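Visitor: I'd like to learn how to read a structure like this, feature by feature. Can you walk me through one?

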Amino acid sequence: MNLAELQKDFIEGFFTGEDANASSHIISDEILTAKQRFGIYKGSIHGILTQALGLTFPVCKSLVGEKFFDKMCDLFIDQYPPTTSFFAEYGNHFAKFLSSFKPLQHIPYISDVARLEWARHEVWHKVRNQSFDFGQLAELAESDQANIKFILTDTMRLIQSNYRIDEIWFAHQQDSDIKLELIEFDTAVKLLIWKDSKELKISLMHTNKQDSLFWDFLFAISKGSSLGDLAIRFGENLPDLLNQGIKSTWIQSFVKENLIEV
Amino acid sequence: MITNYSFNKVQGCGIGLRLEHFEDINAQQPKIPWFEILSDNYLIEGTAQRNYLYQLRNNYPVTFHGVGLSIGSTDPLNMDYLKRLKKLKHEVQPAWVSDHLCWTSAHGIVTHDLIPLPYTETVVKHIVDRIKQVQDFLGEQIVIENVSSYLQFKSTEMSEWNFINEIIRQSDCRLLLDVNNIYVSAQNHKFDAEEYLFAMPAERVAEIHLAGYEDRGTHLLDTHSRPVTPPVWDLFKKAIQHVGHVPVLIEWDNDIPSLERVIKEANKAKSIQQGVIV
């Protein structure tokens, strides 16, 4: 017996339908066959991972129903078996998987709902960053200032969707007065998911021009725009936007030439 | 964050720390002698859970219990995982670090489940080498737990209790004796639970685990979703006679009841322990 080969056969059996090689290592008896005994482990692994996905994506689960969700997770788990020891990191491919999952093409917004739920999951696990001395910005030479890039806090995510995913999400919360059947699904949204000291929040950012501009500003930062790029794009609005970003602590710090200035 | 805690000794009957109980623990500060934390859940720095652990540690001793070590894997040891574990250990100062005698990952894939090993001399050597590497890296003895199993390998050459004894002897690690796991495996594979129990090296037992299983008809499944069953309590009494007064822990991971209910189970273990050891 070669342990590495045995483990290879087991991994193959856990994450594909091919369990003949894995079962060949196992003793059958009068109570359970080797295949059935292997199946206990396969079922347990898929159950553990499906449960974890259900906790991370409860609205997606509710949208498709528990039975469908569980079967869909089986396919997802086989396609994207975990490569991390940390549960909190499992599920980052779920939205991508849903976007190309043909049986759900009649619910085109579900992958964006998954993106929203993953963003909430990620933000929930983060703690607010310590304060940063932005006074250092004024000490830089003007020519250097144009090249700096701002860093956004880990406790905030920006999401854009062609669907009203915020209301879809709220409609699935306890005591919500939003009715799923009354939502105008095909309404584009810009969202900001963030955490204050107590809870996660979802802010809709396009109901007024100023919020929408602020979302665009933060989004440009998230895509790596330098201060010089931001000045060109946001012009006279830049000082106010920058002030708002720093005051809200969503702009966490800045880097110059790939070095963090601390 | 590094604090020199004045207390890290663990004794009596503790419970496993679960997310569902965080608020109640904060509010009630219950009289629990210690908490066992699922260390894998706290290895990402800068998380809310990690901050919670720092707070908890100010009031309670803790032990670490992991799944991610995958001591039986043929992949190289996961040094990223071990470095994170060592850093957390340095910060939180647990009484000890434990994991399972099994494999959880191989060929780059992580199952998040406890998969058993064939009991052979070759596997003993493989595990012993890896435990020694881990102990050298962490700078202390680790504690390994016997797992429940639902299958037996054709290639197995020895009993599970001989396998465990050899590994503990050769690697100089300690044992987390899971009494429920012995019972579950004994029922599933038709061996004598007491023969297994009394073959365990008593002087090496750091801790006892108790939990509840589910009867699936063809086999018992170690679900940690129920109260401890009467036959496991009976086996626990024999375990105390064998190993003496070691710390005991209640694990409850699925269908998690109130904090009060889990504490009640720990208090039952405590009463039995005090009744058996006069």
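Guide: Here is a short tour, from the sheet out to the domains and chains. Keep in mind that this is a predicted model.

Visitor: Let's take the sheet. In what order do the strands of chain A come?

Guide: The general idea goes like this: strands of a sheet pair through backbone hydrogen bonds, either parallel or antiparallel. Here you have an open sheet of three strands in the order β2-β3-β4 (chain A), with antiparallel pairing. The edges are β2 (156-161) and β4 (200-204) of chain A, each pairing on one side only. From one strand to the next, the twist averages 20°.

Visitor: How many bridges join β2(A) and β3(A)?

Guide: Six bridges, in the antiparallel sense.

Visitor: Is β3(A) mostly covered or mostly open?

Guide: For burial, count neighbours: 20 or more other C-beta atoms within 10 Å makes a residue buried. By that count, seven of the seven residues of β3(A) are buried. Val189(A), Leu191(A), Ile193(A) and Lys195(A) point one way, while Lys190(A), Leu192(A) and Trp194(A) point the other way. Notice that the buried set includes Lys190(A) and Lys195(A).

Visitor: Zooming out, how is chain A divided into domains?

Guide: Into domain 1 (1-91) and domain 2 (108-262). Their C-alpha centres lie 36 Å apart. Eight residues of domain 1 of chain A are in contact with ten residues of domain 2 of chain A. On the domain 1 side, the largest share, four residues, comes from helix α4 (residues 58-64) of chain A. That side divides into five nonpolar, three polar and no charged residues.

Visitor: Last one: how many residues does each chain give to the contact between chains A and B?

Guide: Chain A gives 34 residues and chain B gives 34 residues. On chain A, the elements giving two or more residues are α1 (3-15) and α3 (34-56). By class, the chain A side has 24 nonpolar, seven polar and three charged residues.

Methods: Residues numbered from 1 in each chain as written. Chains lettered and ligands numbered in written order. Predicted model: local features only at pLDDT ≥ 70, side-chain atom pairs only at ≥ 80, totals over all residues. Contact = placed C-beta atoms within 7 Å. Nonpolar A, V, L, I, M, F, W, Y, C, P; charged D, E, K, R; others polar. Domains from an automatic or database assignment. Pairing = 2+ DSSP bridges. Axes fitted to C-alpha atoms, helices over the stretch in contact; angles between N-to-C directions. Buried ≥ 20, exposed ≤ 12 C-beta atoms within 10 Å, placed from the backbone.
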